[in-house]
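Work through the exercises below with the sequence and the 3D view at hand. Each task is followed by a worked solution.

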Amino acid sequence: MNPLELADARPGPAFTVTFDGRAVDALPGQTVAAALWTAGVTAWRSTRGSGRPRGVFCGIGVCFDCLVTVNGVPNQRACLVPVRPGDVIRAQEGTGGTND
Amino acid sequence: MTGQPRLAVVGAGPAGLAGALAAAARGVHVTLIDAADQAGGQFFRQPATALRARRPQALHHQWRAWQRLRDGLERHVTEGRTEHLAGHHVWCAERGSAGSLMVHALRGAAQDEGVAVRADAVLLATGGYEQVLPFPGWTLPGVVTAGGAQAMLKGGLVLPGRTVVVAGTGPLLLPVATGLAAAGARVAALVESADPRELLRRAPVLASQPGKLAEGAWYAGLLLRHRVRTLARHTVVEAHGTDRLEGVTVAALDRGGRVRPGTARRIDCDTLAVGHGMLPHTDLAETLGCTLAGMAVRVDGEQRTDVPGVWAAGESTGIGGAALALAEGHIAGRSIAARLHGTEPDPRGWAPAARTRARLRTFFAAADSVYAPPAGWADRVGDDTVVCRCEEVTAGEIRGAVGSLGAGDLRTVKLLTRAGMGWCQGRVCAPAVAGLTGCPLNPGRRPFARPVPLGVLAALPVDHGEKD
Ligand SMILES: Cc1cc2nc3c(=O)[nH]c(=O)nc-3n(C[C@H](O)[C@H](O)[C@H](O)COP(=O)(O)OP(=O)(O)OC[C@H]3O[C@@H](n4cnc5c(N)ncnc54)[C@H](O)[C@@H]3O)c2cc1C
Ligand code: FES
């Protein structure tokens, strides 16, 4: 059993986005975080101070641990932002101000 | 403005929905504003529409209650009594001229478009968020909040990993553990630091809560069915891994909340879903100048705050679950309708909801004292453990601010260490900083409920109320 089966979900066809240049499948309706989790990615940010990896923590937009760069815009909360076909998602380093 | 009184409800969870329906049914024009794409809040969080789930109820309790709310909202929207502004993040609410209120929100994919809603009354139904106290390893990817794991599951139909440990304290751990197990995760253990049997000692409270007892028995059955082993009076002392969680060490606690020597053991897992209770969202109430009681918005018997025109309901006024949120929202909606029509509300009209409210508040006061984080948690936070996740401030630095620099309150600790100055504005670390330093935990006094682009601040936003 997986969650999609449990809820008997019949999403539209999966589409492709890229995460750090690698093609990743995503389902319509999912957030960037959900798509990355499905692809087995749990960390997509490194902290400003010690460069430690981070991903989802609160899952509801409160903690800002899940910051990511989507289509060149840094500091997006992956747990809130819906994923769209063709999105270019990049792991965010530090403040995200310099890597795009 | 039309002649009909206007209410803005912030939050479309159980409290906001109940309030919106009660007010709309009594001739008030309601604008329901919520950051999420769909109504439901945390308890009734729905899978994204495009996932086309035919059996969303498989992830839910109280599906009937949800259907009633959802259908009611749909009817009011179709008949023009209510607007639902989904995907709108409210960053500030303020009192304008002539007693009117303004609610400012951000919308758009990048949340950079300003929208303002003018109203005669505001109902704050912004809910709460989960508290997690720090422990070594809690910043590793794979460590998520218990509610967060559930929110990702309910909304995105995804699991954080294959093998999960659910840990911490509080009633929320039960639906999280059983939900994750039902969705296919292996739940290696449910680790609860309190002793739930303590609740039974509070017999007078429980005797008045047959529903709560039944709920407890039902969860016990589910845990058994999914072969989830429960470790009561245990805690996670450390999460292990380098770039990703690989396992946790759990240990038994004595009555004083100290680890019992020789009881530590490792459980391998790729996910730790952890929570230590909930905190109310009070930022909007604070910007409006509402008085708080402890960490929650203070309300009277009608759910009114002490700022004229502003009501609050649900977890923003104190943590107590979905049924309490529904009751409070209903009372608020009826009170608002009466007051906006210029009449004195008749509390007899909401007597059943008031009884539910009284019962559940008593129950959750008792539950709160049972499910408190273990007394010794702060001693187990080593000096090198990061406490403020945003600014990467360690426990050692925070202790130093109090010990050698003499800080005596959270604000000073923040100024000296930057703990609480980052993106989340101390929402996550404040309880930990308070616990580590002995400073009283008080609300954060944040200027805005959401980060606001400067362009939005500079530009005069579209006035939604005037548009239609
Ligand atoms: C992640 C999570 C999972 C939970 N799961 C359970 C569970 O399984 N069982 C259980 O009994 N309880 C659960 N709870 C507790 C739950 O909060 C309550 O039972 C119930 O949902 C409270 O209802 P409410 O209406 O007060 O708030 P909520 O349901 O939290 O609704 C608040 C709403 O306000 C919106 N909001 C908040 N701030 C803003 C803003 N500034 N701008 C726009 N919108 C805003 C949010 O998007 C949300 O939809 C959970 C809590 C959390 C945080
Ligand atoms: S995970 Fe906390 S904001 Fe996204």
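**Exercise 1.** Which residues are buried in α3(B)?

Solution. The model is predicted, with local features needing pLDDT of at least 70 and side-chain atom pairs counting only at pLDDT 80 or more, while totals for chains, interfaces and linings use all residues. Residues are numbered from 1 along each chain as its sequence is written, chains are lettered from A in the order in which they are written, and side-chain values use heavy atoms, without hydrogens and water.

Step 1: locate helix α3 of chain B at residues 146-156; helices are DSSP runs of H or I with at least four residues, strands are runs of E with at least two, and both are numbered from the N terminus.
Step 2: apply the cut-off, where buried means under 20% relative accessible area, exposed over 50% and partly exposed in between (1.4 Å probe, protein chains only).
Step 3: the buried residues are B:Ala146, B:Gly147, B:Gly148, B:Ala149, B:Gln150, B:Ala151, B:Met152, B:Leu153, B:Lys154, B:Gly155 and B:Gly156, that is, eleven of eleven.
Step 4: the cover includes α1 (3-6) and α2 (32-38) of chain A, and β8 (128-130), β9 (143-145), α4 (173-182) and β16 (271-276) of chain B.
Step 5: just after α3(B), B:Leu157 has a positive phi of about 55°.

**Exercise 2.** Describe how α1(B) and α9(B) cross.

Solution. Step 1: the axes of α1 (residues 14-24) and α9 (residues 321-340), both of chain B, come within 7 Å and cross at roughly 30°. Axes are lines fitted to C-alpha atoms over the stretch in contact, with angles from 0 to 180 degrees between N-to-C directions.
Step 2: α1(B) and α9(B) are therefore roughly parallel (under 35 degrees; over 145 is roughly antiparallel, 65 to 115 roughly perpendicular, the rest oblique).
Step 3: contact means heavy atoms within 4.5 Å; residues making it include B:Ala18 and B:Ala22 of α1(B) and B:Gly329 and B:Gly333 of α9(B).

**Exercise 3.** Is B:Thr385 buried or exposed, and which residues does B:Thr385 touch?

Solution. Step 1: B:Thr385 lies in the loop between α10 (351-370) and β21 (386-388) of chain B.
Step 2: with a relative accessible area of 6%, B:Thr385 is buried.
Step 3: not counting residues up to four places away in sequence, B:Thr385 touches B:Pro134, B:Phe135, B:Pro136, B:Trp138, B:Val393, B:Thr394 and B:Ala395.
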